[in-house]
Amino acid sequence: MGNAVADREFDVVLFGATGFVGRLTAEYLAGAAPDGARIALAGRSPEKLTAVRDELGPAAANWPLLVADSSDQAALDGLAARTRVVVTTVGPYLRYGLPLVQACARAGTHYADLTGEALFVRESIDRYHDQALASGAKIVNSCGYDSIPSDLSVYQLYRRTLADNTGELTDTTLVAWLKGGASGGTIDSGRAMMEAVAADPAKASVLSHPYSLSPDRSMDPDVGRQTDQALQRASAIDPSLDGWVATFVMAAHNTKIVRRSNGLLGWVYGKNFRYREVMSAGKSPAAPLVAAGIAGGIAATMVAGALLSRVRAGRRLLDRMLPKPGTGPSENSRRSGWFTMKTFAHTTSGAKYVCTFAGQGDPGYQATSVMLGESGLCLAFDELPELAGILTPAAAMGDALTARLRRAGLTVAVDRIDGRSDG
């Protein structure tokens, strides 16, 4: 960072600290931030901010509290100008996030969020990428379970093939196993996108096209159709796997982030790089039906949600049926959750690798607060590539963030699995 930014009042401001994930992230930062880190909490309510800070213990006792509303551009401009990094949990980002992106892009302030909203990322790129590029701001989207495990797994596979000189990546598939609850915030983000498409059907192409977040569509690999729908035997992906796999609910967003990383890094993953994500449906006799139910349920939910979002009565019905934003599971449920992501990759030389990315804690809450907290600390304190603009975790922080997450207790490991020696 330039001297003007390095000399700012704060290292990290956490915006949305009074929300459910915001509180978890504040708790994580109170334990993980280095001595002397200048951290502030920001949100709409000074009373709620004070209550959150009081729960964090002595490490956060002197953290300043900043009052700002997501709709107050002047307040957000002032907030961004005072800090090196803003970490934000205030969503749905499509409804509330763009003014803060504008403030950070204008001020040269680094930024990390939790968005799983492709429409928000596309809008941020179109409006503010050039401004962030000029100011030197790293605006990093999707720094939680969406989409750090996906993005860093593929990036580390690329780094390993580079070190082994085994060629470019080709067919690459992530398989997810997880135990965790549905997030009210994630569901509300999905609703925000459905409502945006209902108001402007042309936006549907951003959700459906695999390269809709690409920095240059003319340079993208020409590998034919890539679908996020899945219903197949797991052994078709790798012989070590049993049972069946189904559509992974996060795939539609994560795959776009991974492909954007490839473009931002100069299409280094390869001209034949194909990527998809699936989730395990188990290996019981009922697994094929479970897999079919998952795939069909996701598609039906999207259709029903899109139709209901078109009319006021439908939106009221969704309000009554769905978990509320800002809500989440108990501490015991959060801590008993877990996730394992195994990404199987082939290369042009015939080499095969697997990257295992795993952690304890509900992926959408406990693990996400670790990923987001470490992203903010990484942006504030680590030596990073000069790349600026609207970025992805891998492009902005790949190796540094991977090292941080390993130190934080997450597993990120690449192994060669084709039976041949390395090199």
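I take contact to mean heavy atoms within 4.5 Å. Helices (H or I, at least four residues) and strands (E, at least two) are DSSP runs, numbered from the N terminus.

**Ground rules.** I am working with a predicted model, where local features need pLDDT of at least 70, side-chain atom pairs count only at pLDDT 80 or more, and totals for chains, interfaces and linings use all residues. Residues are numbered from 1 along each chain as its sequence is written, and side-chain values use heavy atoms, with hydrogens and water left out.

**Helices 4 and 6.** I started with the contacts here: Gln73, Leu76, Asp77, Ala80 and Ala81 in helix 4 meet Pro99, Leu100, Gln102, Ala103, Cys104, Arg106 and Ala107 in helix 6. For the geometry, axes are lines fitted to C-alpha atoms, for helices over the stretch in contact, and angles run from 0 to 180 degrees between N-to-C directions. Helix 4 (residues 73–81) packs on helix 6 (residues 98–107) at about 45°, and their axes are 8 Å apart. That makes the pair oblique; angles under 35 degrees count as roughly parallel, over 145 as roughly antiparallel, 65 to 115 as roughly perpendicular and the rest as oblique. I noted a right-handed crossing of helix 4 past helix 6 (right-handed if the near helix is turned clockwise from the far one by less than a right angle, left-handed if anticlockwise).

**Whole protein.** I found 16 helices and 14 strands. Of the 423 residues, 54% count as buried (under 20% relative accessible area; exposed is over 50%, partly exposed in between, with a 1.4 Å probe and protein chains only). Among contacts between residues at least 6 apart in sequence, 78% join residues at least 24 apart.

In what order do the 7 strands of the open sheet stand? I read 8-9-10-7-11-12-14, with mixed pairing; two strands pair if DSSP finds at least two bridges between them. Strand 8 (231–233) and strand 14 (411–416) are at the edges with a single partner strand each, so one side of each has no neighbour in the sheet. Neighbouring strands are turned by 25° against each other on average, direction ignored.

I then went through some pairs:
- Strand 9 (residues 244–247) runs antiparallel to strand 10, with 4 bridges, and Val245 has Ser280 as its bridge partner.
- Strand 7 and strand 10 are parallel and share 6 bridges; Val175 is partnered by Val278 in strand 10.
- Strand 12 (residues 352–360) and strand 14 are antiparallel, again with 6 bridges, and Ala358 is opposite Thr411.

**Helix 8 on the sheet.** I see helix 8 (residues 148–164) lying across strand 7 (169–179), strand 10 (274–282), strand 11 (338–347), strand 12 and strand 14, at about 145° to strand 12.

**Cysteines.** How many disulfides are there? I count 0, taking a disulfide as a pair of cysteine sulfur atoms within 2.5 Å.

**Helices 15 and 16.** Helix 15 (residues 363–381) packs against helix 16 (residues 393–407) at about 125°, with axes 10 Å apart. The two are therefore oblique, and their crossing is right-handed. Among the residues that meet are Val370, Met371 and Phe381 from helix 15, and Met397, Arg404 and Leu405 from helix 16.
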